[in-house]
Amino acid sequence: MNITSENILLIGSLLLFLSIIAGKTSYKFGVPTLILFLGVGIMAGSEGFFFKIHFDNPKLAQFIGIVSLNFILFSGGLETRWKSIKPVLSQGIVLSTLGVFLTAISLGLFVWYITNNFFEYKFSLFESLLLGSIVSSTDAAAVFSILRSKSLDLKDNLRPTLELESGSNDPMANVLTITFLTLVQIPDQPLGGLILMFLQQIVLGGAFGFAFGKISHRIINKIHLSFEGLYPVLVIVLMFITFSATDMLGGNGFLAIYVCAVYLGNQNFIHKGSVLKMFDGLAWLMQIVLFLTLGLLVTPSQIIPLIGIGLFISVFLMVIARPLSVFLSTIPFKMSFARRSYISWVGLRGAVPIVFATYPLLAGIDKANIIFNLVFFISVTSVLIQGTTLSPVAKWFGVAEFETTENIENPADAIMAEYPRTIMREIAIGQDSTTISKMVVELPFPKNAIIAMIKRADKYITPNGSTKIKPNDILIVISDTIAGMCEVYDALEIIRPDDLAIPANE
């Protein structure tokens, strides 16, 4: 089937719908959602069972990948708390730089050895190092989505370490990929120029990211837009400006948007809650679109002959290259064997390596198709094997903690910082309240009032529409007006406090 202007919306919507339904049921069977998104794309492709869409446009796929990664990395950065990553900042930086470099080199040398001794595909040293570089980084989309979709909490700051590494190591892999791709094309390229390019990308990417973060924060708080819905649009615009301007000035755009987002996410700005929720939804949308696109691009029949060599490379990457890079790069840090081992196992590859694998396709090098298909197979294998075993492996190494609630310090302060122009009340629910066992969505609240948090025993939880009210809950409610807060008390059938009176102008 050929995509036309008449059917693109219908087919695209159906594929998105199928992906969402697949994602909804995936974890009942222990399959990561990202693999199912990819599977829907493959099934809709030229060799699939439905639609038979012929998509062979690496340039468009790369563009979609870059745009998607902007949203995924920016969303991950917004949700990264500085307080959490500060204790592990040095570890995360070392893993995302030295760790990626060691993975690329060790895997590249292995590929060079086995392809020239045991397989019909003969890779040159630079082609082997190019393949190693493409799959050298952990994938932010895979790590963020899988860790955050499970009720899995990790000891010893493991989770912020993993999220920091996955969010910040794509620039290193990107630079290494470009470097070795250049060497494949021009083997006598001066090494000094490549090193300078690498340093320029990393230093300028980090510096511009921080600078654009500060500028963006100031713009968001000072611009005073008339409509709340324009603020998320403004943040999207600032995100793309950060990426493209940094790239144009010689820095790494992926690093810049991640640093910018981390800075913004740890500042107070207008309508922050709306922006975070919107980016969370857009990040999921971009993950689905990205994996669907990559699924459409791949040709399964071309991967089958590469399964043998692909398994060798995948096993070496998971069992030797990744653990070796983690253990060597973390030597300066005091870290338990279990912690190092679990970090090694959460070396998930996903969409990012496949996007980077389009670079050789566009460059037109001899083994571009083989590299792309090998990278695709390695990424799928990683998500299937490592992504489905994160919880049992965490239990096995003794680093897992399962929590269903959030510990939040000073929740009232956090809420008022996010919504500085609102009224907040803590409302206790008695044993005989008529709201007990009702879901939040069933409460007849006014439109301008919400339950921001619920204090239950000694824990604070963030409710959603299906959260049920329990006896002795304390509801932390915010409203735009005093009149709205009065309606909340009426809806809960609780007597208003004496200090809550409706002014005449309301």
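A: Let us begin with Q201, which, once its neighbours within four places in sequence are set aside, is in contact with N174, V175, G250, G251 and N252, where contact means heavy atoms within 4.5 Å. This is a predicted model, in which local features need pLDDT of at least 70 and side-chain atom pairs count only at pLDDT 80 or more, while totals for chains, interfaces and linings use all residues. Residues are numbered from 1 along each chain as its sequence is written, and side-chain values use heavy atoms, with hydrogens and water left out.

Q201 sits in helix 10, residues 191-222 (helices are DSSP runs of H or I with at least four residues, strands are runs of E with at least two, and both are numbered from the N terminus). With a relative accessible area of 14%, Q201 is buried (buried means under 20%, exposed over 50% and partly exposed in between, with a 1.4 Å probe and protein chains only).

Among contacts between residues at least 6 apart in sequence, 77% join residues at least 24 apart. Apart from residues up to four places away in sequence, A338 touches F397 and V399.

The largest nonpolar core has 96 residues, and F74, F279 and I313 touch the most other members (such a core is a set of buried Ala, Val, Leu, Ile, Met, Phe, Trp, Tyr and Cys residues joined through side-chain atoms within 4.5 Å). Helix 13, residues 272-297, gives the most to this core, with 11 residues. Not counting residues up to four places away in sequence, F279 touches F71, F74, S75, L78, P232, V235, I236 and M239. Apart from this core lies another one of 21 residues, including V488, A491, L492 and L500.

A search of the whole structure also finds one cavity of 30 Å³ or more (on a 1 Å grid over the protein atoms alone, a cavity is a set of points where a 1.4 Å probe fits but cannot get out, and lining residues have an atom within 4 Å of a point). The largest cavity holds about 40 Å³ of space, and among the residues lining this cavity are L95, T103, E165, N169 and R322. Helix 5 (89-117) and helix 15 (307-329) each supply at least two residues of the lining, and the largest share, four residues, comes from helix 5.

Two residues elsewhere deserve a look for their backbone angles, since most residues other than glycine have a negative phi. S437, which is not a glycine, has a positive phi of about 75°; S437 is found in the loop between strand 3 (423-428) and strand 4 (449-456), and is exposed, with a relative accessible area of 52%. E493 also has a positive phi, near 55°, and its place is in the segment after helix 22 (482-491), where E493 is exposed with a relative accessible area of 59%.

How values were computed: On a 1 Å grid over the protein atoms alone, a cavity is a set of points where a 1.4 Å probe fits but cannot get out, and a pocket is an open set with protein on both sides within 12 Å along at least five of seven lines; lining residues have an atom within 4 Å of a point. Grid points are joined across faces, edges and corners, and a volume is the space filled by probe spheres set on the points.
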